[in-house]
Amino acid sequence: MKQKKWMTGLGVMILATSLAACGDTAEDTSMEMSEEQSMDHSSMDHSGSGEVPDGLREASNPTYPVGTTARMTADHMPGMEGVEATIVGTYDTTVYAVSYTPTTGGDPVENHKWVIHEELDNPDEAPLSEGDEVILAADHMEGMEGAEATIDTVEETTVYMVDYTTEDGEEVTNHKWVTESELEAMK
């Protein structure tokens, strides 16, 4: 009888050790996937078609007119901070940072910069408020269009569509969007 209890106790210890090891492996795998997903996200093509949503108004008096250059201080995409950008479009609108879960699955995207009011599906009148729930009509990233999102920040400003070359030499055209506060005059 003592041997049976001893064997049962040993079996429980082995099982617990195995499960703990599996738990560590699962955690390591999920960390590796997150890193891979981040790498996949950072290597995406951030260029756009240059098409703008219906109803978007061109800026009447932008600080950086179409054809001029400015230095980007934005860091929401890899390789953009500190590089020179050529302005290819200027628009007055309300811009939002949003959090959403891609329709294609995967990890939630937190504080995505930027989606403009005209890229929301049937929104109320601008500006919306922080915390409002919206449906995205923007397609800047895979899995964005049709996703349910929460508005994190709201700003009424001029937004810019820009062309630039990243620090590692990738040419990006018609990138949507950079806000006026994310640009500074060339020196």
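User: Where does Asp-139 lie?

Analyst: Helices (H or I, at least four residues) and strands (E, at least two) are DSSP runs, numbered from the N terminus. Asp-139 is placed in the loop between β5 (133-135) and β6 (148-165). The model is predicted: local features need pLDDT of at least 70, side-chain atom pairs count only at pLDDT 80 or more, and totals for chains, interfaces and linings use all residues. Residues are numbered from 1 along each chain as its sequence is written, and side-chain values use heavy atoms, with hydrogens and water left out.

User: Is Asp-139 buried or exposed?

Analyst: Buried means under 20% relative accessible area, exposed over 50%, and partly exposed in between (1.4 Å probe, protein chains only). Asp-139 has 53% relative accessibility and therefore counts as exposed.

User: How is an aromatic pair described, and how many does the whole structure hold?

Analyst: The distance of the centres and the angle of the planes describe a pair of aromatic rings. Rings of Phe, Tyr and Trp (its six-membered ring) pair if their centres lie within 6.5 Å; planes under 30 degrees apart count as stacked, over 60 as edge-to-face and the rest as tilted. A search of the whole structure gives two aromatic pairs. The ring centres of Tyr-64 and Tyr-160 are 5.9 Å apart with planes at 70°, so this pair is edge-to-face. Because Tyr-64 lies in the loop between β1 (57-58) and β2 (69-72) and Tyr-160 in strand β6, the pair ties together parts 96 residues apart in sequence. Tyr-64 counts as buried at 12% relative accessibility, and Tyr-160 counts as buried at 0%.
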